[in-house]
Amino acid sequence: MAKVVVHVMPKAELLDPQGAAVVSALGRLGFSGATDVRVGKRFELAFDREPDEVEIRKIASALLANEVIEDYDFQVEVTA
């Protein structure tokens, strides 16, 4: 068994309106110190075998991330 965790984030050079809204809300709620927030997505995929890197990249670019505006990375966790 294997679990693949894919993290998808907006590209660093692009504005993140959701992140800006979170920073603003934190200030209104009395939390200080946060100057930037980036909001992303986390996907956990379970496999009955260990997938190879090429397969994971195909899945991420075809379905999980819009590579025009998002970057992604992933980790493979193999379990017994």
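Is Lys3 buried, exposed or partly exposed, and what is its relative accessible area? Lys3 comes out partly exposed, at 29% relative accessible area (buried is under 20%, exposed over 50%, partly exposed in between, using a 1.4 Å probe and protein chains only).

A quick note for all the views: this is a predicted model, where local features need pLDDT of at least 70, side-chain atom pairs count only at pLDDT 80 or more, and totals for chains, interfaces and linings use all residues. Residues are numbered from 1 along each chain as its sequence is written, and side-chain values use heavy atoms, with hydrogens and water left out.

**View 1. Lys3 and Glu77 pair up across two strands.** Their side chains form a salt bridge, 3.6 Å from N to O (a Lys or Arg side-chain nitrogen within 4 Å of an Asp or Glu carboxyl oxygen). Lys3 sits in strand S1 (residues 2-10) and Glu77 in strand S3 (residues 70-78), so the bridge ties together parts 74 residues apart in sequence (strands are DSSP runs of E, at least two residues, and helices of H or I, at least four, numbered from the N terminus). Glu77 is partly exposed too, at 35%.

View 2. Glu53 is partly exposed at 46%, and so is Arg57 at 37%.

**View 3. Lys3, Arg42, Glu44 and Glu77 share one network.** Salt bridges with shared partners link these four. One of them joins Glu44 to Arg42 at 2.6 Å, N to O. Glu44 is partly exposed at 48%, and Arg42 is partly exposed at 48%. The structure holds seven salt bridges.
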